[in-house]
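Please examine the structure shown below.

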Amino acid sequence: MDGNGASTQQLSAAVEALHGPSAPQREAANAWLAEFVRSDAAWEAGVALLDAGHGAQLQFFGANMVLVKVRSSWASLPAEAQGQLTAAVSGKFQALLAAPQVEAVVVERVCLALAAMAARGGPATLQGFAGQALQLARDSCDAGDLGRLRCGTDLLTAVAEEVQTHLMRPQQQPALEALSAAANDVLSVLGVALNRALDAPEGGERAAVGAIKCFQAWLGVNSSDSFVALVSAGELWHSHRTLFDSLLAALGSHNSQLLEVLGETLVMAFGNSTGKSVSSEVEEAALRAGAQGVLQHRGRVMSQAGEPFCRAAGVAAAAMTETAPEGFAGTFPEAVPLVDMMLECLQRPEQSAADSALQYLTCLDFVPMADRDPALQQPMYARMLPLLLRHAQYPEDFTTWEECLSVDQEAFESFREQALAEGFETAYNVLRMQFLMFCGSALAEAQSWQAAEAALLAIRVAAEDAVPRALEASDDPSEDNADAVATTRYLADLFSALASGTGAASRHGDHPEVAAAAARVVAACSDWFAAERAAPLEAVMTMLLRSLSVPQAARPAARAFRSLCLKCSGHLATPASLAALTPAVSATSQHLRLVDRQALAEGLARLGGRLPAAEAAEAGVNLVTPALQLLQRLLDGSGHQPTEAVLQAASDELMVIATIFQCYESKRGAGGLTSALHRQEPPADEARGQMLRAVYTVLDALLQRPAWRANETAVTAVCEVYGHVMCAVKQSVEGLLPTLVTSLDLAFQATQFAAPLQALADAADVAADAPPAAGALHSAFGSAVSVLGPVFQEGRVSERQDVAAAGLGLVEAVLRAAPQLLLPSPQLPQALGWCCAAAGVREGAPVAAAVSLLHRLVNPQPGGVTSPTHFQAQYPQLRQSISQQGEGITFTVLRALCDTAPRNQMRPLGLLLHSLLAQYGGPAAGWLASSLRSSELQGVMGHQMTEDDCSRFYSIATRTPPLPPMRFSALVIDFANIARGEATGDMLLSYEL
């Protein structure tokens, strides 16, 4: 670009194209603008776009471009250029103020740019800027010019936020000190400004919002403690009464935006009662004055537009109560009226009003009942409960969430499961049986399914505390035991009514949402079913099986079924129960989603695993047979080109089989499949052999078909099954393990999917100490290395990140379980090269796998069947290989830290560097020094990094005695943040102490 005029014209066209209808033009404009913003020409062009002749869209873009440049490149400009730019933007700002009409967003963005410049100019510049902005606000307030007043408060807001949010820590502290010197004057002007804005007959609301936002921003300007507000409630009330009173008076506004900002600000203002300049009595007086200010507007609660007020008043009152809970629980005269007001807020239909009121009411939970006003004990919760139940109800016209447009699903469910659940929990623990009886009556008398479902929700929440109480029932005549006995009787009656499908309590039981809620109550009470002999367990299991056919209730019913199987196995783990449950589940589960089928399969498998060995094996065959039969039908009927639907159906069956094996093998020592195989009990071996051969036969047939083998979902599912089967067949007489390893080897060679590699890694621990399988593992490992080579050597790690991560995982598994396969082979140097290739990408999985493998190589331990003597014999070769590639490894670690590594891998990389220095001493220090001097590494470091920073880092990293590992990793992260432009060299100074 050859001049400012040309730059401006091109910018105008690019910005217009960026917001135009053509997607290719938008992409091209975005790419051009992104490149232009990085150029030096962007400074002058951005200022030029602020001229009044340009539209608001261009003016905003220009202001934003200047702001971005200031935050990223201000330090690179000479002082003279900084002064010229500041003067130019200030001139444009004055012109905007004088313009008859200008968009507010443009003025706000220019304010941000000016504030960013001032914040980086040092304390004196910052104080001068704050003084000028303060004078503008003061003069505008005196003149009654609300438009210019908003500009003045916007400048003050911008500078406070810039210092707190966008300055590096070393620059932030002196900047906060500079602003703190002007804080009292700012608060004084804001009090007058807010008062004038609220009294203005028209146009004052925007100025009032600006003043409130400004106060909120300046509350964070605390040079002594960034986590504590600038002033406490008492200091504000004592020294800035006009601002204090005006904030509370603003609660009378009908402007929803103002009330939203006001609520946030009052939370900050009343959330700090530890002022240094006033007494605790003054702080208490301020809180009471705040409560009186809220109560002054109580008449607005039930007004037509009362919802925004309730939100603001609720959060403000909650902040006061968190500060002085004892006072607002009864010792303050305002305590009971404030609770009455919050209960009135709960009467409103809006969720947001109820949420804010609950924030206040739950703050009282910190005060014991005995220390509260009597009205705030049981009577308060008895008044709350019906209101909570009403808010828990689904919308009156609700059918499905897809058709519900009046309520947001995520917000509604979050409100029920968090705010309302907390309210129900507290109410139950205060009211106990009164709570349960009320909810039971609400369920029995419900006139709608919504009311019935809400009652079940409340009972389910209460069950978390009610069930442990019921389990304590005894013959003790005490009041607590009477409550426990009554709770047990209540639960027995409730579940009998729900399971029977008759009576008032089950009036709406056929509605899908009510059926789902009932299943959730069952799951919540599974411990009670396990312990209580009178529990209607069989009837409830039948109810759950019935609910599986209801789509909305299927998932909670499946989860409840699994929970009862786990908790009540002592009652259900019998051949007769399994014989009845297995076909019932099979008949109802085919239409279910996979996750629900897996829950049912897990429940039944846990029961089967509790049976004696022979019966457990037979139950396992019965459980896995339906899925195997369906899988065989899919194979037989699909021909050579199965459809996606057939492939997905087959994958689902495979995952169900995997779940069954997983749950059986987890019951070692409890008579399960795996423990029996390890004991090699003859009566059970044949049944288990039949089961395993059946699984293998079908799975092997699947992998032999090219069309099936080409589908990653199907192959992944097969490997998931193999991973569990391999644990089960270890030491079995069938000797399937070598065959399975070979199958996985062939599957990976044919597909190059990640799943076979992951299964081979799982197999390494099992196969390493079985001679026939060890040979198969050796062969599989060698062929996998051959296939994986091009992925790492041709720079395809990012493209095949799942395969790369799985390949490194296999190498680590072999190193852990059978290092003799790796240490004496030429594959070791190759594996180190793979690690360097994977650690240098931006994707998290390959980096994590590479770092994990390098950790094991740098800190080797004998493992698998390798004897310590054999390990020691191969150890020098390992050290030699790492020494030969040590500089490359060190450089890769540093480059990843400074540029490419995901943040969650920075600490593991730091610990790896610590291990290198600890294990390899002087040579490793040389690798580090050479890497730090590398021009390639310097090229990825930001301009913040200096040669002194590198020297200081090297000196600290290699000092004697060395830093502890976690302290060392913190050093490395701080060093990396300097290179990434997110910190300065001052971060390293503390490590020299």
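**Contacts and local features**

Q: Leaving aside its neighbours within four places in sequence, with which residues is L916 in contact?
A: The model is a predicted one. L916 is found in helix α45, which covers residues 906-933. Leaving aside neighbours within four places in sequence, the residues in contact with L916 are V858, I889, T890, G921, A924 and W927.

Q: Is L916 buried or exposed?
A: The relative accessible area of L916 is 1%. Buried means under 20% relative accessible area. L916 is therefore classed as buried.

Q: How many Å apart in space are L916 and Q905, C-alpha to C-alpha?
A: In sequence, L916 and Q905 are 11 residues apart. In space, their C-alpha to C-alpha separation is 17 Å.

Q: Against which helices do the buried residues of α13 pack?
A: Helix α13 spans residues 241-249, and its buried residues are L243, F244, S246, L247 and L248. These buried residues pack against α10 (183-199), α11 (204-218), α12 (233-239), α14 (256-270) and α15 (280-295).

Q: Which residues gather with E464 in a patch of negative charge on the surface?
A: E464 has its place in helix α23, residues 449-470. With a relative accessible area of 58%, E464 is exposed, because the cut-off for exposed is over 50%. The residues that gather with E464 in the patch of negative charge are D365, E422 and E425.

Q: What is the phi of R432, in degrees?
A: R432 lies in the loop between α21 (409-431) and α22 (433-444). R432 counts as partly exposed, at 25% relative accessibility. R432 is a residue other than glycine, yet its phi is positive, near 50 degrees.

Q: Where is Q752, the residue that has a positive phi although it is not a glycine?
A: The phi of Q752 is about 55 degrees. At 29% relative accessibility, Q752 counts as partly exposed. The place of Q752 is in the loop between α38 (736-751) and α39 (754-767).

Q: What is the omega of the peptide bond from T960 to P961?
A: P961 is found in the loop between α47 (947-957) and α48 (965-979). The peptide bond that leads from T960 to P961 is cis. Its omega is near -5 degrees.

Methods: Residues numbered from 1 in each chain as written. Predicted model: local features only at pLDDT ≥ 70, side-chain atom pairs only at ≥ 80, totals over all residues. Heavy atoms only, no water. Patch = residues over 30% accessible without salt bridge, like charges linked within 9 Å, V, L, I, M, F, W, Y side chains within 5 Å. Areas by Shrake-Rupley, 256 points an atom, 1.4 Å probe, with all protein chains shown as cover. Salt bridge = Lys/Arg side-chain N within 4 Å of Asp/Glu carboxyl O. Lys, Arg positive; Asp, Glu negative; His and termini not counted. Charge placed at Lys NZ, Arg CZ, Asp CG, Glu CD. Helix = DSSP H or I, 4+ residues; strand = E, 2+ residues; numbered from the N terminus. Buried < 20%, exposed > 50% of the residue type's maximum accessible area, 1.4 Å probe, protein only. Contact = heavy atoms within 4.5 Å.
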